[in-house]
Amino acid sequence: MNALAEAFRLIITLDADLFEILWLSIRVSLIALAISAVISLPLGTWLAITRFPGRKFCILVLNALMGMPPVVVGLMVYLLLSRSGPLGWMGLLYTPTAMIIAQVVLITPIIAALSNQVIENLHQEYRDTFYSMGVTGRRAVVAYLVDARYALTTCILAGFGRAIAEVGAVIIVGGNIDHLTRVMTTAIALETSKGNLSLALGLGAVLLALSLLVNALVIGVREYAAKRQYA
Amino acid sequence: MPDSLLPIRIRDLRLSKGDRALLAGINLTIEDPGITVIMGPNGAGKTLLLRCLHGLIKPDRGQITLGPLGPESSRDQQAMVFQHPVLLRRTALQNLAFAAPELARSEPQRLISALAAVHLADRADQPARMLSGGEQQRLALARALLSQPALLLLDEATASLDPASVLVIESLVKAQSAQGTKVILISHDQGQARRLADEIVFISDGQITEQSPADSFFSAPRTPMARAYLAGEILL
């Protein structure tokens with residue numbers, strides 16, 4: 001109970017350490033999300049509306065990558081960025097940038113696969129009309145992205161949920177360095193191991209609140225779209 | 001006035017699914033402007049024929065020419081209105097703007113006029129999918145007509161619509177035909193066919209069994225199948 005009370009105090013007094021960790025977590029995840037969205041939404045759309053040999057295999061791989069273990073992603077990015085790795089000269093290991101890269105690798109397949117399914121369904125509906133109107137290529141991709149905007153928002157929010165809750169990859173490439181690469185999940189793991197349950201619980205409560213907020217946004221977006229017949 | 005895609009010639013068209021011929025040995029020449037109505041029982045192949053003309057389906061065999069062009073190369077001179085209109089998840093006006101982006105930039109007032117022509121000017125800013133079935137189909141027709149097509153295809157575009165919407169659509173189709181657009185439409189509605197058709201193509205079991213001027217088709221159909229169809233008998 002003491003730990004819970006202390007956790008509550010940390011939150012309502014806007015504890016500097018807690019909010020530094022919180023801000024870094026959100027910043028890293030939002031940047032990763034923005035980069036990932038730019039890659040994954042057009043990729044998922046393109047895979048949904050084009051036909052080429054090996055397309056189904058690409059979708060299969062994309063779906064399989066959704067379940068990629070974060071520690072494996074962390075290891076891959078670590079090998080890439082470590083001093084002896086191909087990108088070691090950039091000196092990115094144990095920086096927030098490395099964590100962003102790991103999160104991008106982790107959530108891009110998730111958003112791409114989910115958006116692929118969304119656009120695939122829309123494509124079934126729009127295909128003949130778009131053919132008839134001569135809408136192809138980039139114009140079709142943009143039209144699908146615009147018309148599926150609400151469903152795609154839920155895909156993006158799912159990606160954010162995955163990114164913000166990630167621990168395995170970011171701890172490998174970020175190193176959980178205080179005031180530099182410590183985010184909520186890695187801090188919770190560390191503080192729990194140290195027996196500092198109040199900070200761990202405080203961070204856990206914030207993480208849980210963020211998760212609830214994301215889910216509430218998903219539901220809100222869906223309901224708005226359904227009400228406005230944009231679903 | 002749109003450039004003509006006439007004559008439309010279909011030679012030895014065959015379309016099958018597995019061993020079953022859906023369209024077999026279709027030969028058809030449409031030379032005259034005006035409105036051609038394709039009639040026939042359900043499953044006869046009317047929609048498939050229209051989709052082949054539009055280039056949506058590639059037949060297994062045969063040749064289709066529209067003037068000097070093929071179905072795909074003439075696509076930008078054609079427009080099709082489907083039985084179930086597919087509208088974008090945007091407002092009515094944005095649907096038209098998407099169909100004619102250059103027009104939307106240079107002469108946006110023409111989009112409003114197009115909406116007014118289908119009695120939807122007051123619905124411009126409503127989400128298109130919140131319109132009634134009849135309003136959606138009128139919007140789909142307005143969208144199709146924006147490009148001033150040489151060939152307008154309508155696949156049972158007025159099926160299950162309210163009389164007011166049917167009237168608006170028929171008026172617009174007639175007006176468009178008078179401006180030089182060749183219209184080919186599928187209809188089960190004999191009243192509509194009598195009101196609109198200059199020519200009837202009757203199709204049954206994947207084959208064209210009759211092509212006649214509308215007056216002679218309704219007064220003296222040449223085949224027993226067409227006679228039975230016009231008599232309202234149930235054709236299996």
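The contact takes 13 residues from chain A and 15 residues from chain B; residues touch if their C-beta atoms, placed from the backbone, lie within 7 Å. On the side of chain A that touches chain B, the elements giving two or more residues are α5 (96-133) and α6 (137-147) of chain A. α5(A) gives the most, with seven residues. By class, this side of chain A has five nonpolar, four polar and four charged residues. Ala, Val, Leu, Ile, Met, Phe, Trp, Tyr, Cys and Pro count as nonpolar, Asp, Glu, Lys and Arg as charged, and the others, Gly among them, as polar.

This is a predicted model: local features need pLDDT of at least 70, side-chain atom pairs count only at pLDDT 80 or more, and totals for chains, interfaces and linings use all residues. Residues are numbered from 1 along each chain as its sequence is written, while chains are lettered from A and ligands numbered from 1 in the order in which they are written.

Now to chain B. Six strands form an open sheet in the order β5-β6-β7-β3-β8-β9 (chain B), with mixed pairing. Helices (H or I, at least four residues) and strands (E, at least two) are DSSP runs, numbered from the N terminus; two strands pair if DSSP finds at least two bridges between them. β5 (78-81) and β9 of chain B are the edge strands, each pairing on one side only. Neighbouring strands are turned by 15° against each other on average, direction ignored.

Helices lie against this sheet. Helix α1 (residues 46-54) of chain B lies across β3, β5, β6 (151-155), β7 (182-186) and β8 of chain B, running at about 150° to β6(B). Helix α6 (residues 163-178) of chain B touches β3, β6 and β7 of chain B, and its direction makes about 145° with that of β7(B). Axes are lines fitted to C-alpha atoms, for helices over the stretch in contact, and angles run from 0 to 180 degrees between N-to-C directions.

Look next at strand β8 (residues 199-204) of chain B. Six of its six residues are buried, so the strand is largely enclosed by the rest of the structure. Buried means 20 or more other C-beta atoms within 10 Å of a residue's own, these atoms being placed from the backbone. E199(B), V201(B) and I203(B) point one way, and I200(B), F202(B) and S204(B) the other.

Strand β3 (residues 35-39) of chain B runs parallel to β8(B), joined by four bridges. Here M39(B) has F202(B) as its bridge partner. Strand β9 (residues 207-213) of chain B runs antiparallel to β8(B), with six bridges. I200(B) stands opposite S212(B), and S204(B) is partnered by Q207(B). β8(B) and β9(B) form a hairpin with two residues between them; D205(B) in the turn has a positive phi of about 55°.

Technical notes:
Buried ≥ 20, exposed ≤ 12 C-beta atoms within 10 Å, placed from the backbone. Contact = placed C-beta atoms within 7 Å.
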